[in-house]
Amino acid sequence: MAEVMKKLLSSLAIVICFSTTQADSSKPPGWAVASAHPLATEAAYWIAAQGGNAFDAAVAVSAALSVAEPMSSGIGGGGFWLLHRAKDGYETMVDGRERAPLKAHKDMYLDEDGEVVPQASLDGALAAAIPGEPAALAHIAHKYGRLDLSISLTPAIKIAANGFTVGPRFQSLTDFRKSSFNNKARRLFLDGDQVPDVGAIIRQTELASTLEEIAKHGHQGFYAGWVASTLVSEVTTAGGIWTQRDLSAYQIVERTPVRGVYRDAKFVSAALPSSGGIVLSQMLNMLQAVEAWNQERMSQLHITVEAMRRAYRDRALYLGDADFISVNQAKLLSVEYARQRISSLTDQATDSESLTKLDDKTAEGENTSHFSIIDDQGNRVGATLSINYPFGSGFVSAGTGVVLNNEMDDFVSKPGTANVYGLVGGKANAIQPGKRPLSSMSPTFVETEDFVAVLGTPGGSRIITMVLLALLELVDNHQRDVQKVVNLPRFHHQYLPDHITYESDAFDQRTTSALRARGHKLMVRERPYGDMQAVLWNLRRNELSAASDRRGEGSARVWQ
Ligand code: DON
């Protein structure tokens, strides 16, 4: 019990700051790390002690999360790693997003009548896209790290072999998804057919062997050899459509991140196939066009919601994998376009155009995982990783212990029909062989003369508005207490469904009445959402701080 209490206490969000006596902000005075699991943050600490840099730590943290948070991300999934290299300022986004299998086609989740088959893109092997995380880890270690991949994977292999301790979050997400589990997932994550007790130990020995294979052979350790052949045979036996060709063809892509300026801040965020950077820029450009920060609070809220609505509308209409469709990014990011989009603003809520009647189901709980790192050289990593829904497709491949994602649900199964996050879309995000599904994951850097911040969060479609609110808190409200930034109560609008979702502590009654009077529809979320992890380097004081969301079980740490 003492062990459990210790674990729970250590998982509370913490902020630790320190400064050197003399303010010299050319390099940070140490490291700052925030991740969604204490064992992952510990892995970063261990890597620093081995002489690794932020990029090695990113590999170790990603791999550790894939073991200790099997409901959120994993080597059976993908993600985006936003990197800043201090020595030359080089910035890139490693796109390790999953790809649709080559046998995928646009109507694969529809029945003979053209209707979406319920759960088909969510549960089981057919919902799984080709994983990208193993390729991304091998690439980051090789190109940007100082340590061998085998060293950076050591903490994850240990956690897989020795086990991690069940906490309340694992319990609630297991309970939520257990009905979709295949036999292997049930054996691994349940106690009989029950959710395990808090404090129970979950060991994943097959996953440890798979990670060892990657440690030995790098990229090929996952995409070739016995791991690949086991995955393909497991998936096809269970009705999936993976082939060895899919695995052999998988490659990460380095993409130029989306960059923008908001007031005195520069920001850098995720590029397509994440919608994050574009949607974030559009919202900020609109707020800037009307100088929203100069308005009184109610108008500010109203304008922020209207900017969200308009940017998410464009997401639905225009955004998808730019390797497959053409996206007029220059136009979408232009100040002129933002000005024109927000010019229809009135005192009243704009009616979101209706594409089709939407199914209003929303995701329960938080999965996916974000971490933020700054090392003592000033290298930065912000990474958001996912297997999509809690425990992905619920399908664990026997023999490899890999939990397969259900990222195929991020595609549009049918134009106008909402996915699990209520998002709609059309052709731009239709399923095509080898295409990457449109994402909302938004690892982001924010920088002014005063500070550098790295932030991000899980939360499906709500990720981008969470990042927006955090950025506004830093820039408009000059908040430098990063714990307050991640703890901020949240609200969200995504064009359709046409309502503002908000955490119960985000608005008081006066605010909800005032918003209603302007024609906004409101929907309170009893459960808080998101699990933001952020680090901040205060350049004026040369001080580091790190914060893990009060809503989660993560841990933040700063050391010299
Ligand atoms: O890529 C995306 O946008 C989603 N697959 C992320 C899912 C997520 O954040 C789930 N968290 N609630």
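**View 1. The shell around the ligand.** By class, this shell holds 4 nonpolar, 9 polar and 4 charged residues (Ala, Val, Leu, Ile, Met, Phe, Trp, Tyr, Cys and Pro count as nonpolar, Asp, Glu, Lys and Arg as charged, and the others, Gly among them, as polar). The model is predicted: local features need pLDDT of at least 70, side-chain atom pairs count only at pLDDT 80 or more, and totals for chains, interfaces and linings use all residues. Residues are numbered from 1 along each chain as its sequence is written, and side-chain values use heavy atoms, leaving out hydrogens and water. The ligand is surrounded by 17 residues, the closest being Glu407, Asp410, Ser439, Ser440 and Gly460 (a heavy atom within 4 Å).

View 2. A side-chain N or O atom of aspartate 410 sits 2.6 Å from a ligand nitrogen, and a polar side-chain atom of asparagine 388 lies 2.8 Å from a nitrogen atom of the ligand. For arginine 97, a side-chain N or O atom is 3.0 Å from a ligand oxygen. Taken alone the ligand exposes 350 Å², of which the protein buries 99% (Shrake-Rupley method, 1.4 Å probe).

**View 3. Helices α14 and α16.** The axes of α14 (residues 297-318) and α16 (residues 335-342) come within 10 Å and cross at roughly 115° (lines fitted to C-alpha atoms over the stretch in contact, with angles from 0 to 180 degrees between N-to-C directions; helices are DSSP runs of H or I, at least four residues). That makes α14 roughly perpendicular to α16 (65 to 115 degrees).

**View 4. Helices α6 and α9.** The axes of α6 (residues 154-162) and α9 (residues 205-217) come within 7 Å and cross at roughly 160°. The pair is therefore roughly antiparallel (over 145 degrees).

Note on methods. A polar contact is a pair of N or O atoms within 3.5 Å; within protein, one must be able to donate a hydrogen and the other to accept it, and residues adjacent in sequence count only if both atoms are side-chain atoms. Helices (H or I, at least four residues) and strands (E, at least two) are DSSP runs, numbered from the N terminus. Angles under 35 degrees count as roughly parallel, over 145 as roughly antiparallel, 65 to 115 as roughly perpendicular and the rest as oblique.
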